[in-house]
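Dear colleague,

Please find the structure below, handed over for your use.

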Amino acid sequence: MSLSLNAHMKMVMKHGVDLLRSHQQQITSECKEILRYLKETHKGSANAFEFAFNCFTAFFRSDQQSVETLIYNIRSQWVKEFNRPPEPHMLIFILALIENSVHKAIKESTTRSFHLHPSVQYLFSKICEKALLISKQAAFHIEAFCEQLVQSEQLRIEWIARISHVDGGYRLKKVIGMDDGIITSELYERADPSWFWLSEALLKLTPRKKPDEKRDVFPVPWKNEVLIFCMSDHDVSATIPFLTYAMHLLQMEEEISVKIYAGDQWKDAVILFNEWIMRSQDLNEAIQNIAYGYAQYLPFERCALFRYSASDGAGFGLFGYHFNNADIQNIKEAIHHFPSISKTLANAEPQPKMVQHFQPLYIPKASEEFPMQYVKQFQLESVVVAPICVPSEGTLIGGAILDQGPGKFFQVDSSTFTSLLKFGQSAGELLAKFLKANQWDEKQLELVQLSAREIHILQLLADGASTMEAAEILHLSEYTVRDYVSSLMKRLHAKNRTEAAVKAMRLGLIH
């Protein structure tokens, strides 16, 4: 069996189309609310949004209409309606509003919608990309686009800071959406080693609407600048994918006239994977999103993530997607039991920076490379081993074990190999960021391997339950719960149970 990346991405797009059609009533209702608001507030984008909404309505009514026809109608009818080709920033903006409506409709009408959103995300990214590619070049100004984003009630962005690269770090260039009167000239003149310190200074100047209101910022690269977006932490995860891909499209539109080449879908997969894992708020969530992203955006069914310990010469299970997660987390295996992997690591050890050139390993017959206990336990046939590394530091963090399901033989095309290289680098950089942010050493990564029972006990502690109360809820003896708590305190380096619960919340293990 062999499934090419191109064919897989077409399946992802088809799934997105099916979701649109199955939720068309809810989507139409959401879009009507947006249109009503735009008309009431006399926003200049109301006519453009209504036009695009009508195109989608026609798309819903015609079961035979293809996505390509929808894109063509938007482009050609736009010219007839407005006597000009679509402006990139306006086109991206109105399509983003429609996409947000789709995500909201799916989330409100489906109990477990987590796995559905990436297909919609990919569909809209291709609609937007192709609509831009077949339109004529139009003048674009990043400043105007940022102002439109800040003015939007739908996206709820408080301000956008343009920060330019200078010798010694970064310098504030402009803040869209914040009163210039409250920004001191000193802030514009200072050069900070990172955008983080500038964004911290701006956050302190941002007035709070509510005393307990929390905000978050995230960076998006733009040419030789970094754009810092500020919004409430509640809205960040839903907005990051749109903004990241929007900036990618705008840079593509401004700098080059792009042609679509056959076999370029690996770039789509990489972009979408990056957007997906950027949602992660902590290390535990990052690990889960990475595993899910490998299986969602590449032609694989299962993914098991492992961390690599050079000092132990071993691999430790972190998380399994479509594997039994507890079974994966119980794995601690010496690398020399995997001949091909061991040989690759041995060849790279004299030259640590060569880690960035690690190639994914395709293993047609797992029984020839993996210990038989795992081959039988997980019904492994063909597998791919993909490295997760930090190229800039020449370090290997771990790897992903991927296959197309129990007992299935498959082959891998060159596009998938290219994607695996990029996925591993992006995943490595993200994991390294969380590790550094928390100043963890390698052994502390084991904290994400807590069992379901241990996490339940931590949650009960955070909720104020006593040892006796926790024992009653879990149907355990008080002594057993006390042993669990003592063990958790040691693993979390906590002085008492309260500190253990607080640390677990900070690490995202409990809420």
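**The five-stranded sheet**

Five strands make up an open sheet, arranged in the order S3-S2-S1-S5-S4 with antiparallel pairing. Its edges are formed by S3 and strand S4 (215–222), each of which pairs on one side only. Please note that the model is a predicted one.

Within this sheet, strand S1 (residues 159–166) and strand S2 (residues 169–176) run antiparallel and are joined by 7 bridges. S1 and S2 form a hairpin with 2 residues between them, and Gly168 in the turn has a positive phi of about 95°. On S2 there is also an antiparallel pairing with strand S3 (residues 191–192), over 2 bridges; here Tyr170 stands opposite Asp192 in S3.

Pro219 has Ile228 in S5 as its bridge partner. Helix H7 (residues 142–151) packs on the sheet and touches S1, S2, S4 and S5; the direction of H7 makes about 150° with that of S1. Helix H9 (residues 195–205) packs on the sheet as well, touching S1, S2, S3, S4 and S5. The direction of H9 makes about 35° with that of S2.

**The six-stranded sheet**

Another open sheet has 6 strands in the order S8-S7-S6-S11-S10-S9, and its pairing is antiparallel. Strand S8 (332–334) and strand S9 (361–363) stand at the edges with a single partner strand each, so one side of each is left without a neighbour in the sheet. On average, neighbouring strands of this sheet are turned by 25° against each other, direction ignored.

Strand S10 (residues 383–390) and strand S11 (residues 395–403) are joined by 7 bridges and run antiparallel. In this pairing, Ile388 stands opposite Gly398 in S11. Helix H12 (residues 283–297) lies across strand S6 (302–309), strand S7 (314–321), S10 and S11, and H12 runs at about 70° to S7.

**A pair of helices**

Two packed helices are described by the angle between their axes and the distance between the axes. Helix H3 (residues 46–61) and helix H4 (residues 67–82) pack at an angle of about 145°, and their axes are 10 Å apart. The crossing of H3 and H4 is right-handed. From H3, the contact involves Asn47, Ala48, Phe51, Cys55, Phe56 and Phe59; these meet residues of H4 that include Val67, Leu70, Ile74, Trp78 and Phe82. By class, the residues of the contact of H3 with H4 comprise 10 nonpolar, 3 polar and 1 charged.

**The nonpolar cores**

Which residues have the most contacts inside the largest nonpolar core? They are Phe49, Leu149, Tyr294 and Leu305, in a core of 108 residues. Helix H5 (residues 88–109) gives the most to this core, contributing 12 residues.

Apart from its neighbours within four places in sequence, Leu305 is in contact with residues including Ile287, Ile290, Ala291 and Tyr294. Among its other contacts are Phe316, Leu318, Phe319, Ile328, Ile388 and Ala400. A second, separate core has 19 residues, among them Ala304, Phe370, Tyr374 and Val375.

With kind regards

Definitions and conventions:
Residues are numbered from 1 along each chain as its sequence is written. This is a predicted model: local features need pLDDT of at least 70, side-chain atom pairs count only at pLDDT 80 or more; totals for chains, interfaces and linings use all residues. Side-chain values use heavy atoms; hydrogens and water are left out. A nonpolar core is a set of buried Ala, Val, Leu, Ile, Met, Phe, Trp, Tyr and Cys residues joined through side-chain atoms within 4.5 Å. Buried means under 20% relative accessible area, exposed over 50%, partly exposed in between (1.4 Å probe, protein chains only). Helices (H or I, at least four residues) and strands (E, at least two) are DSSP runs, numbered from the N terminus. Contact means heavy atoms within 4.5 Å. Two strands pair if DSSP finds at least two bridges between them. Axes are lines fitted to C-alpha atoms, for helices over the stretch in contact, and angles run from 0 to 180 degrees between N-to-C directions. A crossing is left-handed if the near helix is turned anticlockwise from the far one by less than a right angle, and right-handed if clockwise. Ala, Val, Leu, Ile, Met, Phe, Trp, Tyr, Cys and Pro count as nonpolar, Asp, Glu, Lys and Arg as charged, and the others, Gly among them, as polar.
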